[in-house]
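Thank you all for coming; I would like to walk you slowly through one structure this morning. Please look at the picture first, and then I will go through it piece by piece.

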Amino acid sequence: MKKILLGAALFLGVIQTQAQENNLQLKGTVADTIVPYVYLQKFHNKMFTTIDSVKVTDGNFSFKTKVKTPELYGLSVNTQSSPLYVFLEKTPIIVKLSPKKYYSTSVVEGSVSQDLFEKYKKSNDIEISKFITENPKSIVSAYVLYRNWSYRLSPEQIRQNIALLDKSLQNTTYVKELKDLALVLDGLAVGKKAPDFTANDPQGKPVHFYENLKGYTLVDFWASWCGPCRRENPNVVAAYKEFHDKGFNIVGVSLDKKKENWIKRIQDDNLSWTHVSDLLFWNSAVAKLYGVRAIPGNYLVDSNGIIVAKNLQGEELQATLKLLLDKKI
């Protein structure tokens, strides 16, 4: 009987550390500006969706929304821009919300998870396994592994870090998506067959990827809103000009949301190759198929659909193409 009671107690202890629905005790002030509303947003797949809003009265606001905690949410005065990232808990939390400079001067009090998140952001040379080992039960550990490290790690490294997380975090959305990502990446190693896909070009015409496999094809993931992508585009353009006649092709896959922005940047950056997008931002079906968690990113595929290299940028792209296509080498 004692063993049964002990097991039940341990089980309840685990449950108590998992995300539970609670009525928020969240209040705060809006600084530096006068706005009518503050919006509460839920984070998922690098995107925020508004789930509630409250009026701002004399600069004050208060939320009592029933949400799962501990968990990452966003607070914003404008749903069209990035919010303040806030780890909410069932404890009373006070926020000084300052929209200027991307909410960088905002202050959050009362959230242990938020305190750890702020410490993480200010630290240099973080080693993710060490961070998780030091904070195995924190939702922040699961979040940063998912958000900041998944695109840097191999499938095996992702699994090794998941194993360092406490059992109470194993059923979180972050860990579930990391496990799915590791499975996808298993099939995307160099030497594996690249997934086929069909997506629409800017004119709405379906493009079948395998029908474009001639010589070597770069599946290039980018977006008009992505600064690093725009800075990398001149390198891709230079490679295309030098090697297209020798058998180098590109299929650009955009993670854009607005068609007009996508088309404008294609023209502005002189990206004169095949382009496709479903205009679903991070919900892009092709990006999910290829396990893309950060852009710019790419896969170089041969005429048989076999992945020969990935994430080639700058001089590395041209050097690889010279080895593959320049008959003088």
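Predicted model: local features only at pLDDT ≥ 70, side-chain atom pairs only at ≥ 80, totals over all residues.

Phe209 is buried, because its relative accessible area is 0%, where buried means under 20% relative accessible area, exposed over 50%, and partly exposed in between, with a 1.4 Å probe and protein chains only.

Residues are numbered from 1 along each chain as its sequence is written, and side-chain values use heavy atoms, with hydrogens and water left out.

Let me stay with the aromatic rings. Rings of Phe, Tyr and Trp (for Trp, the six-membered ring) pair if their centres lie within 6.5 Å, and a pair counts as stacked with planes under 30 degrees apart, as edge-to-face over 60, and as tilted for the rest. By this rule there are 21 aromatic pairs. One of them joins Phe61 and Phe63, whose ring centres are 6.2 Å apart and whose planes stand at 70°, so this pair is edge-to-face. The rings of Phe209 and Tyr210, in turn, have centres 5.9 Å apart and planes at 50°, and so that pair is tilted. Phe61 counts as buried because its relative accessibility is 4%, and Phe63 is buried as well, with a relative accessible area of 1%.

There is also an aromatic cluster, formed by Phe43, Phe48, Tyr85, Phe87, Phe117, Tyr143, Tyr146 and Tyr174. Please keep Phe117 and Tyr143 in mind, as both names return with the helices.

Two rings carry a charge, in the sense that NZ of Lys or CZ of Arg is within 6 Å of the ring centre and within 35 degrees of the ring normal. The charged end of Lys46 lies over the ring of Trp282, at 3.9 Å from the ring centre, and the charged end of Arg152 lies over the ring of Trp149, at 4.1 Å from the centre.

Now to the helices, where helices (H or I, at least four residues) and strands (E, at least two) are DSSP runs, numbered from the N terminus. Two packed helices are described by the angle between their axes and the distance between the axes. Here the axes are lines fitted to C-alpha atoms, for helices over the stretch in contact, and the angles run from 0 to 180 degrees between N-to-C directions. Helix H3 (residues 112-122) packs against helix H5 (residues 139-149) at an angle of about 40°, with the axes 9 Å apart. That makes H3 oblique to H5, since angles under 35 degrees count as roughly parallel, over 145 as roughly antiparallel, 65 to 115 as roughly perpendicular, and the rest as oblique.

Which residues of H3 and H5 meet? From H3 they are Ser113, Leu116, Phe117 and Tyr120, and from H5 they are Ile139, Val140, Tyr143, Val144, Asn148 and Trp149, with contact meaning heavy atoms within 4.5 Å. H5 is mostly covered, with 10 of its 11 residues buried, and Trp149, the residue whose ring lies under the charged end of Arg152, is among those buried residues.

Let me turn to the loops. Gln25, in the loop between strand S1 (20-23) and strand S2 (26-30), counts as partly exposed because its relative accessibility is 42%. Leaving aside neighbours within four places in sequence, Gln25 is in contact with Phe63, Lys90, Thr91, Pro92 and Ile93.

A cis peptide bond joins Thr69 and Pro70, with omega about -5°, and Pro70 has its place in the loop between strand S6 (66-69) and strand S7 (71-76). Another cis peptide bond, with omega about 0°, joins Ile295 and Pro296.

Asp58, although it is not a glycine, has a positive phi of about 55°, and it is exposed, with a relative accessible area of 76%.
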